[in-house]
Amino acid sequence: MSFSYLNADGVFLKIVIAAMVTFLFSEFIAVFPIFSNYEKHKTVVLKHIVPIWEITGTMIVFFVVELELIYSGLTPIASYLFIPVIGTFVALLILRNVAIIYAEFIWKKVDSRPLMMFYSGATFLMVIGFATAVAALLIGNSVSTAIPSLPPLLHLNTVNLSKSYVDYTALLTSPVYSAVYWEFLFGTLFIAYGMSQVFYRLAKRTSWVPLLTIIFGLFLNVNAWNVVATLAGAKFVGYYMVLPVIITLAVPLLYMAKSTTHLASYKPFWFVAVTISVLFLELPITRIAGNAYSINAFASPNSMQAANFWLSIIGGILFLLLMVMYAFVYNSGKLSFNPEKIEKNKQEMPK
Amino acid sequence: MLGKCNKYHFKMLYLIKMGISYPVWDSAMFAYTISAHIIIVGITLAMALVITIAEYIALKRKNKYYEALAHKLSIALVINFAIGTASGVFMAVELMLFWPVFMRLVGAVAMLSFYAEVFAFLVESITLMVYVYFWDNFKNRWNHWLVSWGVLFGTGASAWLITNVNAWMNTPTGSFNIAKYISSGGSVITGVNPLKVFDEPSTGPELFHMFMAMYFAGSMALLAYFAYKYLKSKNDEEKKIDRSAMKILSAIGIVDIILIGISGSIELSTLLVVEPLKYAMLELNMHPVMSGAPEHLFGFIVNGKSVDFIPLAGIQSLLAYPLTKGNAGYIPGLSSYPSYTWAPSVIHDTLDLMVGFGLLMGLFWFIVLVLRLMKKDIFNMKWILYGFIGMGFLGMFTMEDGWYTAEVGRVPYIILMPYNSAGQPIIAGHYGVMTIAEAASTSTIVWYLGIVIILFYLIIIPFTFYFNAKVLNLANVDDELRKAEKDLNINNPGKDINSVNAGAR
């Protein structure tokens with residue numbers, strides 16, 4: 001197989017999406033501790049969220065720009081199709097930023113619980129909205145070649161783009177679509193719950209809750225994603241899902257084993273693991289709109305693809321170095337996989 | 001009858017009744033967005049610069065007032081960054097939703113600058129988080145100071161790379177095959193040189209001037225705040241922090257106003273050569289002149305003729321002469337171009353206003369410099385402090401005015417056509433690559449989104465100021481200074497003239 005800048009750029013975009021989803025997901029799963037018992041969990045939750053929420057915003061910008069750069073032909077279409085959902089997403093992003101700013105910096109003496117609940121709720125809705133838009137983009141089109149009998153989701157009018165729209169009602173109510181959509185959504189919620197127990201170290205090490213909820217979530221998600229990706233025209237979906245399934249199961253299992261509990265909830269490890277999982281789910285996707293279009297049909301010119309490739313390499317290394325620095329400083333300048341030990345050493349240090 | 005109309009027709013009727021078409025609405029909304037966004041950007045840039053300088057002085061002199069200043073400003077910077085990010089996302093999305101055809105071309109031709117900006121943005125966000133949230137994790141404080149350079153670089157590079165695209169819009173030479181693009185009706189994009197966006201004829205001058213102006217406006221806004229607080233505060237310790245801030249900001253003001261003057265002159269002379277149509281309108285030149293062109297102070301164009309201006313004989317040629325890059329002597333005029341390509345003549349007046357206010361601010365800073373050289377304590381002179389407050393408003397207004405001038409000067413085009421040395425477009429008969437009307441979205445939803453945008457910035461800008469003031473307002477000065485003492489390792493209050501206890505004595 002010969003090397004193609006476009007294919008490489010496509011993988012870069014998928015890595016960016018995977019990283020963005022992971023950042024968002026790490027905040028998304030905070031909804032459980034925040035809503036269940038904020039006072040009890042706030043230290044551990046805020047320790048992660050407060051330094052990271054800005055980077056999530058940056059990752060969203062990263063995704064938008066990378067998408068516009070690689071698939072510039074998609075911009076006008078996406079613009080007209082997703083205008084309501086994008087508008088809502090941005091409004092929620094702004095509101096959640098304001099809420100966390102108030103909680104962190106302005107109303108320090110006031111109970112931060114309602115603000116953090118608002119922040120968490122807004123993040124939750126952002127993720128749901130994003131997942132819904134992606135589902136609609138992948139599986140449905142008025143000229144769907146996957147299953148012609150399915151109702152159209154994307155009403156694309158290429159002659160007059162202003163008449164294009166997404167039929168979300170069909171997505172949420174039509175038998176095939178809605179079954180897959182709700183299955184995927186609930187599967188994700190179960191996985192998110194299990195992951196929050198591990199990531200924020202809410203469950204006891206010996207608890208079976210994280211593992212069982214994740215297994216149940218996977219049971220729903222594997223089937224749903226298989227249908228979504230197949231409707232989008234993806235091939236070998238099952239093979240690509242092996243690694244994500246192994247990783248998703250490994251996280252709670254490592255958490256249960258005494259020697260690896262710390263590793264499972266170690267933030268850099270978790271981020272890398274989830275990013276790889278999401279990336280592998282994305283890799284087989286090369287077509288959109290119910291198999292109607294190849295994503296490469298919207299690509300930017302060749303010279304731009306090459307330039308994007310090299311800049312991605314340079315920027316990727318820079319980003320990696322920055323994240324290493326972040327992890328290093330986060331652990332008070334110690335390279336260790338045991339956050340508790342670091343914390344303990346820090347407390348024992350002479351004042 | 002109205003009852004039978006669908007929503008679309010009702011809205012169209014309403015828009016037509018108000019005299020607003022979709023491209024105009026799109027343009028107005030985006031102009032409004034950028035005008036609001038650059039206020040936050042200017043202040044953010046200035047904050048990053050002041051933080052780096054303040055922490056350096058704090059470490060070098062073991063001065064807790066500068067340390068406290070750097071710490072407080074860094075938290076305010078996080079707030080600005082958060083709001084700036086939200087606003088930036090809003091703008092990125094707005095670009096996509098309001099200008100789909102334009103963004104398609106940008107994506108294929110000039111997107112590399114936006115992409116590089118994302119990495120600058122990542123540098124900014126990660127270093128800022130490390131700088132603020134892990135302040136106490138650094139054993140060697142100089143390493144912490146080094147992180148502030150990441151913030152300074154990230155903020156600066158972000159602003160630079162975004163403005164870069166604007167420079168490309170003014171002179172898109174060699175970045176793609178314009179002739180083919182135009183002859184195909186905008187469907188064929190070939191001959192793309194993605195790196196050219198970083199080096200267009202207007203890039204250097206435009207970015208130099210805009211950059212200096214943004215730093216100046218942001219610094220003056222901060223100066224106004226600290227001067228106001230200094231006048232109001234009754235706490236001596238807090239006043240010392242405000243004074244430290246004013247010292248840094250005054251130095252920035254003096255240096256920057258000189259650089260603004262130089263860069264402004266270079267920018268206008270560059271326009272004369274690379275954007276002659278815009279230059280002709282900016283200077284209200286009706287006809288091309290080879291020598292002795294007068295400067296027109298104010299005035300308008302009415303029925304194709306310039307009126308109500310004050311002429312200053314020979315001044316324009318004199319000002320333009322040294323920097324016209326080989327085109328010396330030739331001053332372009334509007335009569336060389338069809339009237340439908342002329343921008344609104346009000347930009348000539350906004351340019352004069354910008355230059356006038358610039359000179360006024362320059363005069364003020366000259367007086368401040370003289371007073372400093374005479375060893376006067378300018379911070380004890382009330383009129384100077386009021387002057388600082390005035391600078392805050394004037395600096396910001398002038399930056400906005402300049403931005404408005406540059407952008408409206410491109411109307412009716414969103415991307416201009418490159419011009420040859422004879423002052424004519426490289427493709428005869430085409431004065432722009434893309435008009436605003438061609439670029440804009442006609443989706444009905446932009447109308448509602450526009451209303452959301454208006455409300456968003458009407459709320460977010462006052463709130464940004466409120467957030468900043470709230471954080472910068474040192475409610476517990478002693479705590480801040482104690483932390484600064486601890487950070488700087490000032491252990492012996494008895495010997496240290498900067499200590500909290502010494503201050504109390």
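Predicted model: local features only at pLDDT ≥ 70, side-chain atom pairs only at ≥ 80, totals over all residues.
Residues are numbered from 1 along each chain as its sequence is written, chains are lettered from A and ligands numbered from 1 in the order in which they are written, and side-chain values use heavy atoms, with hydrogens and water left out.

Let's stay with chain A. Its C-alpha atoms fill a box of roughly 70 × 45 × 45 Å along the principal axes. You'll find 13 helices and four strands in it; these are DSSP runs, with helices being H or I of at least four residues and strands E of at least two, numbered from the N terminus. Of its 351 residues, 55% are buried (under 20% relative accessible area, with exposed over 50% and partly exposed in between, using a 1.4 Å probe and protein chains only).

Now for the meeting of the two chains. In chain A, 57 residues are in contact with 58 residues of chain B, where contact means heavy atoms within 4.5 Å. Together the chains bury about 5,300 Å², 82% of it on carbon and sulfur atoms. Glu54(A), Ile83(A) and Phe105(A) supply 12% of the area that chain A buries against chain B, more than any other three residues. Buried area here is the accessible area (1.4 Å probe) that two parts lose on being put together, summed over both.

| Residue | Helix | Relative accessibility |
|---|---|---|
| Glu55(B) | H2 (residues 22-61) | 0% |
| Met169(B) | H6 (residues 141-170) | 10% |

Glu55(B) counts as buried. Beyond its neighbours within four places in sequence, Glu55(B) is in contact with several residues, including Glu67(B), Arg141(B) and His144(B).

Met169(B) counts as buried too. Leaving out residues up to four places away in sequence, Met169(B) touches Phe102(B), Arg410(B), Ile414(B), Ile415(B) and Leu416(B). The C-alpha atoms of Met169(B) and Met417(B) are 8.7 Å apart, although 248 residues separate them along the chain.
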